[in-house]
Amino acid sequence: MSQNPARQRLRITFGKFAAMKYTSNLDVAKIWERVLRRADLPLLYSQGFNTRPRLQLATALPLGITSECELLDVSLRQRIPLDDVPQQLRDVSPDGLEIYSVEEVPVTSAALQTRVRSAHYVVTFEECVPDLDQRVAGLLAKHRILRTIQRKRRSVEKDLRPLINELKSGDPQVLQMHVAVGDRGNLRPRDVLEELDLHESWHRVHRHRLVLAETEEVTCN
């Protein structure tokens, strides 16, 4: 099937802050539909009885986490200049939804969801964790980190260790983690904090980088 040369695909890099960090992935998609309509972009809609704009969010962000590197691909039915688009989106976006950039990507690019490989997070604790380095070293020294997961009517044992790419502190109040994200494996920051026995300590989590397949990396600000 040939591609329509008049169509265009945009990649929007955005952030979630304030109350937006408690918005689910499904609700974020709905918010983006409203924002894009209000910005009066020539959206391309799916076919069928219940038509929807063709949007692709890269990956879900766990509730309660802020981010500066979320990605959204939007399909347009016709080409438009991009110079004013970021400001058009900012003008109609709710509080907590930050628009950083809008760029064109090939219409034939693979779906974003299939390209996400990992994410970088920064965890900031309210109080110092004096033995944070020792906890991190102890976890990384394990060859396997087994976790029992309930799936429907059966339990599945999962090894979390291969999903941890990097874990480091260097500061008793700050933990940096680079973990697998996407359809090939997904590790939440909370999973790591539970293994470190720090999940009940007051903390903030921020996602600042997504890594895509083919060494394509997205870093914001």
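How much space lies in the largest cavity, and which residues line it?

Modeller: The largest cavity holds about 70 Å³. This is a predicted model, in which local features need pLDDT of at least 70 and side-chain atom pairs pLDDT 80 or more, while totals for chains, interfaces and linings use all residues. Residues are numbered from 1 along each chain as its sequence is written, and side-chain values use heavy atoms, without hydrogens or water.

A cavity is a set of points on a 1 Å grid over the protein atoms alone where a 1.4 Å probe fits but cannot get out, and lining residues have an atom within 4 Å of a point. Points are joined across faces, edges and corners, and the volume is the space filled by probe spheres set on them. One cavity of 30 Å³ or more is present.

Its lining consists of Phe14, Lys16, Thr23, Ser24, Asn25, Val28, Leu57, Thr59, Leu61, Glu70 and Leu71. Strand S1 (8-16), helix H1 (25-38) and strand S3 (66-76) each give two or more residues to that lining. Helices (H or I, at least four residues) and strands (E, at least two) are DSSP runs numbered from the N terminus; the chain has four helices and 11 strands.

The largest pocket (an open set with protein on both sides within 12 Å along at least five of seven lines) holds about 330 Å³. Of its 16 lining residues, Leu63, Gly64, Ile65, His203 and Val205 lie nearest the centre. Helix H4 (189-195) and strand S10 (203-212) are the elements giving two or more residues there.
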